Amino acid sequence: MSYPPGAPHYHRKSLQDFCRDSRNLLFVNDLSQRVKFLKHSRLNVVAFLNELPHTQHDPNSFVIDVGVAMNSLICFTVSGVFREVVSKSGGNPPIRAFSRVFTAVPAPQGLCIVNDMMTISAATPAQEKAAFTSPAPTPSPSPVPGPSGLSEPQQQMIKMFAEQSGMNEEWSQSCLEQNGWEYNKSAQVFTELKAQNKIPPEAFLK
């Protein structure tokens with residue numbers, strides 16, 4: 001938790017609900033407390049987030065910054081502003097800023113978050129002025145996994161790869177999965193293996 005210079009007194013007070021379990025290492029010196037405030041497992045993380053005040057975020061304020069992107073790991077930051085749904089003071093709830101740093105690794109159905117660090121601060125005057133002034137963007141539908149557990153784009157990719165390579169869909173899917181669903185890389189690997197006669201005949205049986 002942090003406060004920008006010159007933050008009004010009501011802003012400082014308003015962060016108390018978020019400070020109780022803060023693991024800010026500049027202020028938490030006791031080792032046992034540091035361990036206590038570190039949440040492990042999905043259930044503990046969700047339970048902790050559920051204890052925080054209910055909030056409303058401004059989607060137009062969101063900024064995503066990808067710091068590291070590799071086949072085995074991705075680290076990205078999501079920042080923006082939010083306000084509480086219910087104000088304890090009875091007036092307009094104060095605007096707050098947040099930043100969440102996620103570290104994720106590949107999983108069968110997408111990504112698995114292995115670390116999440118959240119920082120909350122009082123919003124700056126510029127953030128307060130811009131917050132909630134524009135209508136929220138209309139979300140686009142997310143790809144829905146089919147009966148096989150694959151998303152629609154993945155199923156289309158398999159069909160296209162099967163048509164272009166001549167392999168059946170089972171082997172086409174295997175090739176794409178082994179190459180992280182990167183189509184060009186999969187095609188390159190297929191071409192190299194085919195030139196070396198390392199693809200068995202059953203891969204072309206349909």
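Start with the largest pocket, which has a volume of about 990 Å³. (A pocket is an open set of points on a 1 Å grid over the protein atoms alone, where a 1.4 Å probe fits, with protein on both sides within 12 Å along at least five of seven lines; lining residues have an atom within 4 Å of a point.) This is a predicted model, and totals for linings use all residues, while local features need pLDDT of at least 70 and side-chain atom pairs count only at pLDDT 80 or more. Residues are numbered from 1 along each chain as its sequence is written, and side-chain values use heavy atoms, with hydrogens and water left out.

Now select Leu 38, Asn 115, Asp 116, Met 117 and Met 118: of the 27 lining residues, these lie nearest the centre of the largest pocket. Colour strand E5 (110–122) and helix H4 (42–51) too, as each gives two or more residues to this lining. E5 has the largest share, nine residues.

Next stop: the second largest pocket, at about 520 Å³. Pick Pro 106, Ala 107, Gly 110, Gly 180 and Trp 181, which lie nearest its centre among 24 lining residues. Strand E4 (95–107) and E5 each give two or more residues here.

Finally, show helix H6 (152–165) and helix H7 (169–178), which pack at about 110° with axes 9 Å apart. H6 and H7 are therefore roughly perpendicular (angles of 65 to 115 degrees count as that). To see their contact (heavy atoms within 4.5 Å), select residues including Phe 161 and Ala 162 of H6 and Cys 175 and Leu 176 of H7.

Methods:
Axes fitted to C-alpha atoms, helices over the stretch in contact; angles between N-to-C directions. Helix = DSSP H or I, 4+ residues; strand = E, 2+ residues; numbered from the N terminus. Parallel < 35°, antiparallel > 145°, perpendicular 65-115°, else oblique. Points joined across faces, edges and corners; volume = space filled by probe spheres on them.
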